[in-house]
Amino acid sequence: MRVDQELTLASKQLGQSAEIAQCLVSLRLARRVRQGEAAVRAGLSRATAQRIEKGDPGVAIGALLRYLDAIAPGMNLLQLLSGDDPAIIALERRSRPQRVRDLSAAEMKALDF
């Protein structure tokens, strides 16, 4: 009989599972790897990749590690959770709102045509 892992885990543990999933999604997007492509590289079905990215605690740790290796070869789980990958940092910088300053009168006049 299959046990629903979400019912057997505490909310803190479910939160950790969701955090790992979010880190994997961010890494995949930052590295511009499609979900289906990562699944094929890892030898997983696309449905399993979707479960990993949703934070399903019932996915085997081995499948999760293979998926991570397919996205970022050589990266381990601790490096993923630290969030210090250059691709992730660049993605976060691009998504931050940029400040916009008002143009001076001289700049407005230069742009007026």
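The questions below concern a predicted model.

Visitor: Which element gives the largest share of the largest nonpolar core?

Guide: The core has 22 residues, of which L24, L27, I52, Y67 and L80 touch the most other members. Two or more residues come from each of α2 (11-30), α3 (35-42), α4 (46-54) and α5 (61-71). The largest share is six residues, and the element that gives them is α5.

Visitor: Leaving aside neighbours within four places in sequence, which residues is L80 in contact with?

Guide: L80 is among the core residues that touch the most other members. With neighbours within four places in sequence left aside, its contacts are I20, C23, L24, L27, L68 and M75.

Visitor: Is α3 roughly parallel or roughly perpendicular to α5?

Guide: The axes of α3 and α5 come within 8 Å and cross at roughly 115°. Angles of 65 to 115 degrees count as roughly perpendicular. The orientation of α3 to α5 is therefore roughly perpendicular.

Visitor: How many charged residues are in the contact of α3 with α5?

Guide: From α3 the contact takes Q35, A38, A39, R41 and A42, and from α5 it takes R66, Y67, A70 and I71. By class, six are nonpolar and one is polar, and the charged residues number two.

Visitor: How many charged residues are in the contact of α2 with α4?

Guide: The axes of α2 and α4 come within 6 Å and cross at roughly 115°. A21, L24, V25 and R28 of α2 meet I52, E53 and K54 of α4. Four of these residues are nonpolar, none is polar, and the charged ones number three.

How values were computed
Residues are numbered from 1 along each chain as its sequence is written. This is a predicted model: local features need pLDDT of at least 70, side-chain atom pairs count only at pLDDT 80 or more; totals for chains, interfaces and linings use all residues. Side-chain values use heavy atoms; hydrogens and water are left out. A nonpolar core is a set of buried Ala, Val, Leu, Ile, Met, Phe, Trp, Tyr and Cys residues joined through side-chain atoms within 4.5 Å. Buried means under 20% relative accessible area, exposed over 50%, partly exposed in between (1.4 Å probe, protein chains only). Helices (H or I, at least four residues) and strands (E, at least two) are DSSP runs, numbered from the N terminus. Contact means heavy atoms within 4.5 Å. Axes are lines fitted to C-alpha atoms, for helices over the stretch in contact, and angles run from 0 to 180 degrees between N-to-C directions. Angles under 35 degrees count as roughly parallel, over 145 as roughly antiparallel, 65 to 115 as roughly perpendicular and the rest as oblique. Ala, Val, Leu, Ile, Met, Phe, Trp, Tyr, Cys and Pro count as nonpolar, Asp, Glu, Lys and Arg as charged, and the others, Gly among them, as polar.
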